[in-house]
Each structure stands twice: as C-alpha cells, then as structure tokens.
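Thanks for asking me to look this over. Here are my notes, as numbered points to read beside the model.

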Amino acid sequence: MKVYLDDERRTPDGWHRVYWPDEAIALLKTGIVTDLSLDHDLGDDDRGTGYDVVLWIEEQVALHGFVPPAMQVHSANVSARTKMENGIRAIEAMVSRRAE
C-alpha cells in the first residue's frame, strides 16, 4: 500500500490518502505500507505534522526492528522538509547498520 499524508493536495493515482499522522501510523503498524509520502503542515498542529510520523518510524526502527517503507517528503515548507529528510536519512542509516 502506498500512503499519501496530506491535507490539501490531490492524491496521486494508486495512493491511499490520509489526513493525520495517527492515520498514517495506524497503517504503518499493519506492516502493509510499501511507500510513504509526507507533507509537514496538515492544518492543525495540535493533531500533528508529517514530522511526527518520521519520529514514530525512527523510534520503531531503533527500538523494535521495524522495517520502514520507502519514504519521501512532498512538503512545500522548506525548513520542515529539510528536518524530515534528515530524519529519513537517519532512519535509512540505522536500517543499513542493522543489515551489516
């Protein structure tokens, strides 16, 4: 399953759209997510941001051996995008070290 977290953009063909981090995390917990595309700003910071999903994945990889999906960021928020991409790189490095 390809999961697209966004509050405004059109969902690409073949992707399952979610609007909130908890929805994305619930799907990630099923183990069937193969690809994940994240926006940062979702319209209500009290409900979370795309970065919250990155943090959840990072914790699951570090503590529980979670196998993350392929991840990308499509946020227009440049500073948040950079922060999220750095988090994804850290996750990929952890997975890489674990495979050695």
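1. In which strand does Ser37 lie? Ser37 sits in strand 3, residues 35–38. Please keep in mind that this is a predicted model: local features need pLDDT of at least 70, side-chain atom pairs count only at pLDDT 80 or more, and totals for chains, interfaces and linings use all residues. Residues are numbered from 1 along each chain as its sequence is written, and side-chain values use heavy atoms, with hydrogens and water left out.

2. First, the overall layout. The protein chain contains three helices and four strands, and along the sequence they come in the pattern β-β-α-β-α-β-α. Both kinds of element are DSSP runs numbered from the N terminus: helices are H or I with at least four residues, strands are E with at least two.

3. Next, the dimensions. For 100 residues, a compact globule would have a radius of gyration near 13 Å, and the 13 Å of the protein chain agrees with that. The radius is taken over C-alpha atoms, and the globule rule is 2.2 Å times the number of residues to the power 0.38. Taken along the principal axes, the C-alpha atoms fill a box of roughly 40 × 30 × 25 Å.

4. On to burial and surface. Of the 100 residues in the protein chain, 43% are buried; buried means under 20% relative accessible area, exposed over 50%, and partly exposed in between, with a 1.4 Å probe and protein chains only. The accessible surface of the protein chain is about 5600 Å², and carbon and sulfur atoms supply 49% of it. These areas come from the Shrake-Rupley method with a 1.4 Å probe; for residues, only the protein chains shown count as cover.

5. A contact here means heavy atoms within 4.5 Å.

6. Back to Ser37 for a moment. Ser37 is buried, at a relative accessible area of 0%. Beyond its neighbours within four places in sequence, Ser37 is in contact with Val3, Tyr4, Leu5, Trp15, Gln72 and His74.

7. Is His74 buried or exposed? His74 counts as buried because its relative accessibility is 16%. Leaving aside neighbours within four places, the contacts of His74 include Asp6, Arg9, Asp39 and Arg81.

8. Arg17, in strand 2, is worth a look too. Which backbone oxygens does the side chain of Arg17 reach? One is that of Asp6, at 3.3 Å; another is that of Arg9, 2.7 Å from a polar atom of the Arg17 side chain. Apart from neighbours within four places in sequence, Arg17 also has contacts that include Tyr4, Glu8, Arg10 and Thr11.

9. Asp7 belongs to the loop between strand 1 (2–5) and strand 2 (16–18). With a relative accessible area of 23%, Asp7 is partly exposed. Asp7 and Arg17 are ten residues apart along the chain, and their C-alpha atoms are separated by 9.0 Å. Not counting residues up to four places away in sequence, Asp7 touches Arg17, Tyr19, Asp39, Asp41, Leu42 and Gly43.

10. Last, Ala70 in strand 4. Ala70 is partly exposed, at 44% relative accessible area. Setting aside neighbours within four places in sequence, Ala70 is in contact with Thr34, Asp35 and Leu36.

Key: Polar contact = N/O pair within 3.5 Å; in protein donor to acceptor, adjacent residues only side chain to side chain.
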